[in-house]
Amino acid sequence: MSNFDETFDWVVVGSGAGSMSSGMLMRQAGKSVVILEKTEFFGGTTAKSGGVMWIPNNQFMDPGEDSDEKAITYLDAVVGDDSDAPGTSHEKRLAYIQAGPKMVDFLLRQGVALERGSKFWPDYYDNLPGGCETSRTVVAPPFNRKELGPWARKLRLGMLEMPVKLDDGMQFASMKHSWGIKLLFAKTAFKVVMGKLTGKMWTTAGACLQGRMLKAGLEKGVDVRLESPVKELIIEHGKAIGVVTVKDGKPWRIAANLGVLVNAGGFAHNQAMRDKYMPGTRSEWSVTPEGDTGDMHQEMERIGGVLAQMDEMVGFPGSLTPGWEKQYVFTGMQAVTAKPGAILVDQAGVRYMNESCSYELYCETMLKRGNANPSWAIMDASFMEEYALGGSVGIKKKPKDWFDSGYLKVADTIEELAGKIGADPAKLKASVNRWNDMMARGADEDFQRGVRYYDQYLGDPFHKPNPTLGPLSKGPFYAVEVIPGDVSTYGGVVTDINSRVVKVDGSVIEGLYSCGVSTASPMGRVYPGAGASVGPSMVFGWIAARHAAGLGNQAL
Ligand SMILES: Cc1cc2nc3c(=O)[nH]c(=O)nc-3n(C[C@H](O)[C@H](O)[C@H](O)COP(=O)(O)OP(=O)(O)OC[C@H]3O[C@@H](n4cnc5c(N)ncnc54)[C@H](O)[C@@H]3O)c2cc1C
């Protein structure tokens, strides 16, 4: 037996979404737990995210709104042929669906407040059998990080440090059309002011989920260690028995009696791995935090784990607005090009997709096309007057350096605009004419934009008859470059239905579990709905702990 400096029952590598769901389960079973996080902050990309979990048939939905049968019908349909996606299988998808609400129930009993994310956030392929036209999302309500005491500043900063639900915040863009949204905005502004006066530190989205998980986990006795990178997984007689981390600048060996869970995120900031697995993508186009470097992917492969679906990412189309590096995230372009008066074209000027598809499919389509990385968003003057681009509405509000730097191209005619973006004027003109002709007939006959509920969700709810459909008829016309950015990688080690890491011969590495984007996604090569990354990480982390603790279906 190797010499160890310390022993725990459950050792978690990385403070991702599944770290605390597994940790609290283990604590409830009376086991000791340590979470080793390599950066100075708790929470990973999960804390930076929207914090949405896709949990079919969850307890916050209305009776009869969903069922396990409906959800598995959908997942099977959306994943389709999974022969080249060993991270998923019918059994694994079913295990996810069945465990999701149980995990949510467990967290509620641990004191983690959760609620429905939205009443209207449809599945991304809601037109497929079993698809949900309302919402399968679960989120945590806003959280005052001050409740974490000395840990308050050790929780990674989130996307919205405000007392507002992400779903509500997303409505503010339509404020001028609705007194209800104006009132919501006023209430939020009041809470912000009150929060400042009373010294509250509000977080929402992913940071409030991870903040609430951290608070509950610490109270239950989970040992959390920051700046503790795991360098090595210790294997003896084919079994994972511990890890090597760093303490006071020296190697520190920790034994794991029941197992090691790798929840160490993806490899978004490892350009060499990107070049190998996802050529054409750039690490600087990823809005994941700095710790997402794939070291555990490499380590799990070294000890016999199989990597799969490594060419997949949770794409997020973006635009590199001048100064974007200093912002939280680049300008998201999916919702921009899904608005009336906007389309996306390739470098030749040809429209080539339904701009209201999922962000994952959007980027995949860009990358597969060949001449569409980058692509161009084309907008007309009506769009510019009505909708946000880069956080502001209206051409007068756009910063001067957008024009000076050539980021935002402007022209009186479509042909002139084509010249400015290096596209073929005839092709761009034909694309816009075709779009406008179809809009006159009221349907996108080429790519069916606007047909699904999800397409409409991305549009303008006040635009009739279809929220996402409207011509580009009023000049001047505008263009900005769109790149296939990402919010995560989506490939990793293959795991079984109990989250155990699988080897090439199909057997498992005893004692080694993994969840989240360290694994090949249990959703295969698609992104079925909002929360399809954080949800599986939480659920399969929890499943791993149940298995390692030998709990089976026993309730805790
Ligand atoms: C702006 C944004 C919005 C998003 N919104 C959503 C959403 O609403 N819903 C959704 O499902 N997905 C969303 N995503 C994607 C999602 O956040 C990620 O895919 C997901 O959080 C990954 O979670 P994880 O549990 O795998 O790991 P992470 O949360 O990334 O955590 C992994 C942790 O492991 C640490 N680590 C890495 N290597 C080591 C090591 N060797 N030793 C110790 N620690 C290590 C990392 O530093 C990191 O803290 C969003 C992403 C972004 C950026």
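Predicted model: local features only at pLDDT ≥ 70, side-chain atom pairs only at ≥ 80, totals over all residues.

Tutor: Before we place anything, note that helices (H or I, at least four residues) and strands (E, at least two) are DSSP runs, numbered from the N terminus.

Student: What kind of peptide bond joins K464 and P465?

Tutor: The bond between K464 and P465 is cis, with an omega of about 0°. A cis peptide bond also joins N373 and P374, where omega is about 5°, and P374 lies in the loop between α11 (359–369) and β16 (375–379).

Student: How should I read a sheet, and in what order do β3, β5 and β4 come?

Tutor: Strands of a sheet pair through backbone hydrogen bonds, and the pairing may be parallel or antiparallel. Here three strands form an open sheet in the order β3-β5-β4, with antiparallel pairing. The strands at the edges are β3 (53–54) and β4 (115–116), each of which pairs on one side only. Between β3 and β5 (residues 137–139) there are two bridges, and M53 stands opposite V138 in β5.

Student: How many residues lie between β9 and β10 in their hairpin?

Tutor: Two residues separate β9 from β10 in that hairpin. Strand β9 (residues 232–236) runs antiparallel to strand β10 (residues 239–247), and five bridges join them; I235, for instance, stands opposite A240 in β10. In the loop between the two strands sits H237, which has a positive phi of about 50° although it is not a glycine.

Student: How are packed helices described, and at what angle do the axes of α4 and α17 cross?

Tutor: Two packed helices are described by the angle between their axes and by the distance between those axes. The axes of α4 (residues 90–109) and α17 come within 9 Å and cross at roughly 85°. Because angles of 65 to 115 degrees count as roughly perpendicular, α4 is roughly perpendicular to α17. From α4 the contact draws on A95, Y96, A99, G100, M103 and F106, and from α17 on G535, P536, M538, V539, W542 and I543. By class, the residues of this contact are 10 nonpolar, two polar and no charged.

Student: Which angle do the axes of α14 and α15 make?

Tutor: The axes of α14 (residues 414–421) and α15 (residues 425–441) come within 8 Å and cross at roughly 125°, which makes α14 oblique to α15. Their crossing is right-handed. In the contact, I414, E415, L417, A418 and G419 of α14 meet P425, L428, K429 and V432 of α15, and these divide into six nonpolar, one polar and two charged residues.

Student: Finally, how many residues surround the ligand, and which are the closest?

Tutor: The ligand is surrounded by 43 residues, the closest being G14, G16, G44, G291 and G516. The elements that give two or more residues to this shell are α1 (17–28), α2 (44–48), α9 (295–302), β20 (477–489) and α17 (534–548). The largest share, four residues, comes from α2. By class, the shell holds 16 nonpolar, 22 polar and five charged residues.

Notes: Residues numbered from 1 in each chain as written. Pairing = 2+ DSSP bridges. Near = placed C-beta within 6 Å. Nonpolar A, V, L, I, M, F, W, Y, C, P; charged D, E, K, R; others polar. Axes fitted to C-alpha atoms, helices over the stretch in contact; angles between N-to-C directions. Parallel < 35°, antiparallel > 145°, perpendicular 65-115°, else oblique. Left-handed = near helix turned anticlockwise from the far one by under 90°. Contact = placed C-beta atoms within 7 Å.
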